[in-house]
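Subject: Structure handover and findings

Dear colleague,

Please find below the structure for your review. My notes on the findings follow directly after it.

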Amino acid sequence: MNLQIQTQSLSTHFPLPPFPPKPKFLQAKPKPSFKLWSSLSTVSVPPTKTSHKPFPAEVSRTIMELSSIGTLSTLAQDGWPLGVGVRFAVDAEGTPVLCLPQPSPDNRSTLHVQLDQCGLRTPQCTIQGSLTKPADATILRWFDSVWKKRFGESADVDNLYTVDVQRVLQMEDLNEDGVWVTSSDYKNANPDPLRNSAEEIVNEINTNNREDVHRFCNVYVDLDFQVKANGNKA
């Protein structure tokens with residue numbers, strides 16, 4: 001009993017010290033996070049062309065550069081559409097230059113041109129625009145030089161007209177859906193730089209590199225050609 005009283009007395013006059021506070025641990029500063037996309041987003045990368053196939057505007061410009069005969073369709077005086085064969089040249093922006101003795105009173109027109117080439121496909125384009133008669137004598141002389149460069153002869157400047165291109169319908173082949181090209185895209189496009197030598201290059205490859213052509217077919221088309229040293233199929 002005395003022991004219990006003494007214990008109570010000690011606990012009353014000498015209270016136990018409180019529990020020491022929990023140590024405070026230094027918190028590490030958060031490390032800055034780096035995201036790859038945020039650093040790449042500040043770099044301006046030009047868009048890459050995913051396909052080596054030329055754009056419709058480029059194909060249209062190439063067709064017009066390689067051709068010199070087309071079909072010009074206008075509205076006749078009786079209101080019926082009339083298409084006639086014409087010769088044409090093009091300037092640096094692809095503007096068609098025509099020599100017309102009797103143009104239609106309605107200047108709305110279409111010029112249809114298809115490219116005759118060695119192959120199974122017939123690419124073509126149809127230009128919609130307005131027939132325009134240049135009034136400036138200097139411009140007429142310039143278009144006459146364009147005509148002479150194409151055909152080797154001068155044109156009658158009184159019969160020179162141009163087609164003010166509004167839009168172009170480009171088709172890869174007959175009976176296929178076409179793609180509309182704006183006037184600005186058509187004028188700013190570049191024709192194929194190899195357009196004047198493409199047929200010669202193809203003929204040379206077919207003649208002198210027949211084995212390579214067969215290997216390309218095996219790799220990319222899976223035609224399973226058996227190539228011999230002399231280039232013949234086994």
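A residue is called buried under 20% relative accessible area, exposed over 50% and partly exposed in between (1.4 Å probe, protein chains only). By that scale Asp78 is exposed, at a relative accessible area of 58%.

This is a predicted model, in which local features need pLDDT of at least 70 and side-chain atom pairs count only at pLDDT 80 or more, while totals for chains, interfaces and linings use all residues. Residues are numbered from 1 along each chain as its sequence is written, and side-chain values use heavy atoms, with hydrogens and water left out.

Overall architecture

The protein chain holds 7 helices and 7 strands; helices (H or I, at least four residues) and strands (E, at least two) are DSSP runs, numbered from the N terminus. Read from the N terminus, the order of elements is α-α-α-β-β-β-β-β-α-β-β-α-α-α. The chain has 234 residues, of which 26% count as buried. Its accessible surface is about 17,600 Å², and carbon and sulfur atoms account for 56% of that surface; accessible areas come from the Shrake-Rupley method with a 1.4 Å probe, and for residues only the protein chains shown count as cover. A contact means heavy atoms within 4.5 Å. Among contacts in the chain with a separation of 6 or more, 61% join residues 24 or more positions apart.

The nonpolar cores

In soluble globular proteins, nonpolar side chains tend to be buried together. A nonpolar core is here a set of buried Ala, Val, Leu, Ile, Met, Phe, Trp, Tyr and Cys residues joined through side-chain atoms within 4.5 Å. The largest such core has 23 residues, and Met64, Leu111 and Ile127 touch the most other members. At least two residues of this core come from each of helix H3 (56–66) and strands E2 (81–90), E4 (108–114), E5 (124–132) and E6 (160–171). Not counting residues up to four places away in sequence, Met64 touches Phe88, Val90, Pro96, Leu111, Val113, Cys125, Ile127, Arg150 and Tyr186. A second, separate core of 8 residues includes Ala89, Phe143, Ala155 and Leu160.

Helix H4

Helix H4 (residues 137–151) has 15 residues and spans 21 Å from its first C-alpha to its last, close to the 21 Å expected at 1.5 Å a residue; the expected span is 1.5 Å times one less than the number of residues. Its buried residues are Leu140, Phe143, Asp144, Val146 and Trp147. These residues lie on the same side of H4 because they cover an arc of only 155° around the axis, the arc being that of the directions from the helix axis to the C-beta atoms. They pack against E2, strand E3 (96–99) and E6. The face turned away from the buried side carries the exposed residues Arg141 and Lys149. At the start of H4, a side-chain oxygen of Asp136 comes to within 2.8 Å of the backbone nitrogen of Thr138. Just after the helix, Gly152 takes a positive phi of about 75°.

Individual residues in strands

Thr162 is located in strand E6 and is buried, with a relative accessible area of 8%. Leaving aside neighbours within four places in sequence, Thr162 is in contact with residues including Pro96, Val97, Leu131 and Phe143.

Thr126 belongs to strand E5 and is also buried, at 18% relative accessible area. Its side chain makes a polar contact with the side chain of His112 (2.8 Å). A polar contact is a pair of N or O atoms within 3.5 Å; within protein, one must be able to donate a hydrogen and the other to accept it, and residues adjacent in sequence count only if both atoms are side-chain atoms.

Individual residues in loops

Asp78 is found in the loop between strand E1 (69–75) and E2. A polar atom of the Asp78 side chain lies 3.1 Å from the backbone nitrogen of Trp80.

Glu93, in the loop between E2 and E3, is partly exposed, with a relative accessible area of 43%. Leaving aside neighbours within four places in sequence, Glu93 is in contact with Arg61, Tyr186 and Lys187. Glu93 and Tyr186 are 93 residues apart along the chain, yet their C-alpha atoms are separated by 7.9 Å.

Asn175 lies in the loop between E6 and strand E7 (179–182) and counts as exposed at 82% relative accessibility. Most residues other than glycine have a negative phi. Asn175 has a positive phi of about 60° although it is not a glycine.

Yours sincerely
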